[in-house]
Amino acid sequence: MEQSLYKFILKYSVRQQVILTLLSIASFVPYYYFLDIPKAIVNKGILGRNMTYPVDMWGIVSLDRVGYLFWLVFIFIPLVVVQQGFKYVINVFQGVSGERMLRRMRYELYARVLRFPLPTFRKMSQGEIIPMITAEVEPLGGFIAESFALPIFQGGMLLVTFAFLLVQNWMMALAGVALYPLQFYFIPKLQRKVNALGKERVKGARRLADRIGESISGVQEVHSHDGSQRMLAEFSRRLGVIYWVRVEIFNRKFVIKFINNFIQQLGPFFFYGIGGYLVIQGQLDVGTIIAAVAAQKEMGGPWKELLTHYQSREDAKLKYEQI
């Protein structure tokens, strides 16, 4: 098999990855207008700034202030439908591609098991081999599906949102990403320890499966020598080792999540403070602040998805190397 997970993905699914990438890029244009429409609704429709009523709509109909407001609101609905439609198509295509690659990976592993020399079977038990082909590769299917499309799609949405904020006001844009460098610094450090613990967890689970297989195949000897209590004691010790490894993984993962959520919640503080000051000084309008706060909330989703993808990538690379 390919030594790298990404080489395996490109070898067997480059066409699907290109299609997903093009779909992701195509979704950026309606997403920008989706961010911009709240500003137009507030400034033009509600406050009526820089507008002369009635508004002539392509020489077909003239709209007063209320009519133009509802026109802008109705534009918002198809933008939502288009944006969610892109997400639906991308997610479904990702799922199908991931399942196809998972099927191929299991086939490749099983083909290699059949070609093992006989001495290998003496050193490896069924309890180790079977989980590799069934349970351990399962998470890889989900990662393979999103390996290229998700960072492009979510990263592109993040950049589009930042560009939108930059067009509104450069100070607001900088405020929106001011705390991201802290996450860039802390999260990789914490993730490296999670990866090491994940490797220990996989090894422990394999040894546990091996012990279960030995117990089942040798159950007659266990009964004849009354060794069940000793076997239970050893099994309990192995369960304890896995338990504490998983507890440590949970602790570190939720520390990462806490840092992400805490920094994300500080975003509106900067927007209301800086944006409010600029409004008082007459350098910004209320509609821009509302649109900026909404855009900052939109940035939270892609950023969390990218961080989750980073964690999934490290976990998937670790699993693939061990398999």
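What follows is a short chat about a predicted model.

Q: What does the chain average in pLDDT?
A: The average is 80. Of the residues, 97% score at least 70.

Q: Where is confidence lowest, and where is it highest?
A: It is lowest in helix α4 (residues 118–123), with a mean of 72. Helix α1 (residues 5–26) has the highest, at 88.

Q: On to packing. How many residues are in the largest nonpolar core?
A: It has 33 residues. Those with the most contacts inside it are Tyr-31, Leu-35, Leu-158, Phe-164, Leu-165 and Trp-303.

Q: Which helix gives the most to this core?
A: That is α12, with nine residues. Helices that each supply at least two residues include α2 (28–46), α7, α9 (180–217) and α12 (286–322).

Q: Now the surface. Which residues form the nonpolar patch?
A: Leu-10, Val-14, Val-18, Leu-22 and Ile-25 do. Together they have about 430 Å² of accessible area. Val-14, in helix α1, is partly exposed, with a relative accessible area of 44%.

Q: Switching to charges: how many salt bridges are in the whole structure?
A: A search finds five.

Q: Which residue pairs with Arg-106?
A: Glu-138 does, with the closest N and O atoms 2.6 Å apart. This pair links distant parts of the chain, 32 residues apart. Arg-106 is in helix α3 (residues 65–114) and Glu-138 in helix α6 (residues 138–146). Arg-106 is partly exposed at 25% relative accessible area. Glu-138 is also partly exposed, at 40%.

Q: What about Glu-234 and Arg-238, buried or exposed?
A: Both are buried. They form a salt bridge, with the closest N and O atoms 3.1 Å apart. They are four residues apart in helix α11, so about one helical turn separates them.

Q: Which residue does Glu-248 bridge to?
A: Its partner is Arg-252, the closest N and O atoms being 3.0 Å apart. Both lie in helix α11, about one turn apart. Glu-248 is partly exposed, at 27% relative accessible area. Arg-252 is partly exposed too, at 24%.

Technical notes. Residues are numbered from 1 along each chain as its sequence is written. This is a predicted model: local features need pLDDT of at least 70, side-chain atom pairs count only at pLDDT 80 or more; totals for chains, interfaces and linings use all residues. Side-chain values use heavy atoms; hydrogens and water are left out. pLDDT is the predictor's confidence in each residue, from 0 to 100. Patches are made of residues with over 30% relative accessible area and no salt bridge: like charges are joined within 9 Å, nonpolar side chains (Val, Leu, Ile, Met, Phe, Trp, Tyr) within 5 Å. Accessible areas come from the Shrake-Rupley method with a 1.4 Å probe; for residues, only the protein chains shown count as cover. A salt bridge is a side-chain nitrogen of Lys or Arg within 4 Å of a carboxyl oxygen of Asp or Glu. Buried means under 20% relative accessible area, exposed over 50%, partly exposed in between (1.4 Å probe, protein chains only). A nonpolar core is a set of buried Ala, Val, Leu, Ile, Met, Phe, Trp, Tyr and Cys residues joined through side-chain atoms within 4.5 Å.
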